[in-house]
Amino acid sequence: MEQRILRIEIGEEPPADRLDKALSALVPDEENLSRSRLAKLIADGAVSREGVAVTEQKTKVAAGEVYEILVEASREVETVAQQIALDILWEDDDLIVINKPAGMVVHPAPGTPDGTLVNALLHHFGGNLSGIGGEKRPGIVHRIDKETSGLLVVAKSDAAHHGLAKQFEKHTVHRHYMAVCHGVPSAADPRLRGTKGVNFEQGGVLKITSQLARHKTDRQKQAVCFDGGRHAVTRARTVEDLQGVAALIDCWLETGRTHQIRVHMAHAGHGLIGDPVYGGRRKLPKSLGEAAIEAAAHFPRQALHAATLGFVHPVTGEELEFSSPLPADMEELLAALRGNVSI
């Protein structure tokens with residue numbers, strides 16, 4: 001098996017004291033090296049410092065140190081066409097707008113080599129997608145998380161790919177997400193007003209501003225920070241107060257970072273119901289009723305839906321806007337939280 005050297009430098013502020021944790025935080029996401037995999041590489045002598053193998057994962061790291069990791073060359077994921085049903089809202093010669101169900105991954109990766117949106121699109125188009133994204137991500141100009149449902153635009157032509165990518169880069173694409181969060185965000189809440197990075201705009205719009213960066217010890221997560229990282233702004237408006245213990249909210253993005261809404265709402269103390277990564281699973285008061293408590297406790301995903309998508313057609317110049325109603329699982333969750341379901 002072909003091997004290569006991955007070079008990792010410890011910055012001025014190491015993300016962790018231990019070698020395994022530090023490398024886990026610093027190794028690029030695309031390398032797909034979990035902390036357990038890194039621990040094995042360390043134990044096997046595949047990690048070195050100044051040419052000397054470091055075999056203890058608890059080794060203390062220091063700023064400025066450079067570690068070299070001997071890893072197997074990544075094997076390309078063979079992207080194959082698969083006959084998978086698609087909910088298509090718009091299609092022309094240059095682009096297609098899809099309503100993605102929860103549970104579907106957007107593009108193949110080592111952990112999910114098939115069954116993805118890209119596999120379905122390749123079958124639908126007979127392979128005719130913009131090649132700019134590469135073999136694994138043809139036509140993909142943006143994505144939503146596996147367990148988030150809702151709207152995506154995919155480029156069929158290179159011209160559309162360039163044009164859409166530019167709009168996403170300039171943050172001119174209009175995207176609104178509907179979510180169900182714990183608690184009811186309110187401008188009258190002194191705790192919320194005292195949370196760093198949180199303020200309210202006219203009309204009671206919650207605005208969260210921070211930097212987002214990879215979590216220091218869990219490379220699968222993002223974290224709010226105010227030094228370094230990437231600038232992120234989320235706005236949210238309460239659409240419906242659900243008996244004072246939860247809320248249906250409308251969120252929109254000024255920037256588009258990984259997990260942005262989920263991280264920002266958790267930072268504000270209003271994590272999304274069903275979100276296992278950012279602490280959204282909380283106990284609801286017994287007064288809410290058994291049906292509502294059960295519905296929230298067992299909701300199988302983050303209650304987040306990409307409901308509105310608007311952009312300028314990159315070839316024709318036409319202004320397009322699409323909307324997607326809440327999926328059945330979120331409607332059922334809302335019904336339970338409103339007290340409209342009994343068991």
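Q: In this predicted model, how are helix 1 and helix 2 oriented to each other?
A: Happy to start with the helix pair. The axes of helix 1 (residues 19-26) and helix 2 (residues 35-43) cross at roughly 125 degrees. Angles of 65 to 115 degrees count as roughly perpendicular and those over 145 as roughly antiparallel, so helix 1 and helix 2 are oblique.

Q: Which residues in helix 2 meet helix 1?
A: The two axes come within 9 Å, and helix 1 passes helix 2 in a right-handed crossing. From helix 1, the contact takes in Leu19, Asp20, Lys21, Leu23 and Ser24; their partners in helix 2 are Arg35, Leu38 and Ile42.

Q: How many residues apart in sequence are the parts tied together by glutamate 65 and arginine 49?
A: These two side chains form a salt bridge, with N to O at 3.6 Å. Arginine 49 sits in strand 2 (residues 47-49), while glutamate 65 belongs to the loop between strand 3 (52-53) and strand 4 (66-72), so the parts they tie together are apart by 16 residues.

Q: Is glutamate 65 buried or exposed?
A: Buried means under 20% relative accessible area. Glutamate 65 has 18%, so this residue counts as buried.

Q: Which strand holds the glutamate 240 that pairs with arginine 338?
A: Arginine 338 and glutamate 240 form a salt bridge, their closest N and O atoms being 2.8 Å apart. The pair links distant parts of the chain, 98 residues apart: arginine 338 is in helix 8 (residues 328-338), and glutamate 240 is in strand 12.

Conventions
Residues are numbered from 1 along each chain as its sequence is written. This is a predicted model: local features need pLDDT of at least 70, side-chain atom pairs count only at pLDDT 80 or more; totals for chains, interfaces and linings use all residues. Side-chain values use heavy atoms; hydrogens and water are left out. Axes are lines fitted to C-alpha atoms, for helices over the stretch in contact, and angles run from 0 to 180 degrees between N-to-C directions. Helices (H or I, at least four residues) and strands (E, at least two) are DSSP runs, numbered from the N terminus. Angles under 35 degrees count as roughly parallel, over 145 as roughly antiparallel, 65 to 115 as roughly perpendicular and the rest as oblique. A crossing is left-handed if the near helix is turned anticlockwise from the far one by less than a right angle, and right-handed if clockwise. Contact means heavy atoms within 4.5 Å. A salt bridge is a side-chain nitrogen of Lys or Arg within 4 Å of a carboxyl oxygen of Asp or Glu. Buried means under 20% relative accessible area, exposed over 50%, partly exposed in between (1.4 Å probe, protein chains only).
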